[in-house]
Amino acid sequence: MSTLLDAFSVVAIVAGGFFYLAGTVGLLRFPDAYTRLHALTEADNLGLVFVVLGLLPQVGSVLAGLKLILVWLLVMLSSAAVSQLIARSVRRQDPRS
């Protein structure tokens, strides 16, 4: 059973790394601020979900698992708020809107 959990952890963390990489590529390749922001928020949130899911079977206690989940929730909340503020700032500075 331990080997199966270890394999799940490796697959989930690698998948999370893939989504982080995809978000970075989107940041570098997309043409405007809105699509870059979308790529970063979506890919990074999904990447964090996979990393947390991969780390959960490896933690030693329930308290450590709850801390991981709390960090994930806080990052999701702050990511949504910050992306909204960035989009609003870009919209104010964009002469086309």
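## Overall fold

The protein chain has three helices and zero strands, where helices are DSSP runs of H or I with at least four residues and strands are runs of E with at least two, numbered from the N terminus. Along the sequence the pattern reads α-α-α.

This is a predicted model, in which local features need pLDDT of at least 70, side-chain atom pairs count only at pLDDT 80 or more, and totals for chains, interfaces and linings use all residues. Residues are numbered from 1 along each chain as its sequence is written, and side-chain values use heavy atoms, with hydrogens and water left out.

## Dimensions and surface

Taken along the principal axes, the C-alpha atoms of the protein chain fill a box of roughly 60 × 25 × 10 Å. The radius of gyration of the protein chain is 17 Å, whereas a compact globule of 97 residues would have one near 13 Å; the value is taken over C-alpha atoms, and the globule rule is 2.2 Å times the number of residues to the power 0.38.

Of the 97 residues, 22% are buried, that is, under 20% relative accessible area with a 1.4 Å probe, protein chains only. The accessible surface of the protein chain is about 6,900 Å², and carbon and sulfur atoms account for 72% of that surface; areas come from the Shrake-Rupley method with a 1.4 Å probe.

## Contacts along the chain

Contact means heavy atoms within 4.5 Å. Among contacts in the protein chain between residues at least 6 apart in sequence, those joining residues at least 24 apart make up 67%.

## Helix α1

Helix α1 covers residues 2–29, and its 28 residues should span 40 Å at 1.5 Å a residue, which agrees with the 40 Å between its end C-alpha atoms. The expected span is 1.5 Å times one less than the number of residues.

The buried residues of α1 are Ser9, Ala12, Gly16, Gly23 and Gly26, and their cover includes α2 (33–55). Ser9 counts as buried because its relative accessible area is 4%. Leaving out residues up to four places away in sequence, Ser9 touches Gly54, Pro57 and Gln58.

## Helix α2

With 23 residues, α2 reaches 32 Å from its first C-alpha to its last, close to the expected 33 Å. Its buried residues are Leu37, Ala39, Thr41, Ala43, Asn45, Gly47, Leu48, Val51, Val52 and Gly54. The cover over the buried residues of α2 includes both α1 and α3 (62–93). Gly54, buried in α2, is one of the residues that Ser9 touches.

How values were computed:
Buried means under 20% relative accessible area, exposed over 50%, partly exposed in between (1.4 Å probe, protein chains only).
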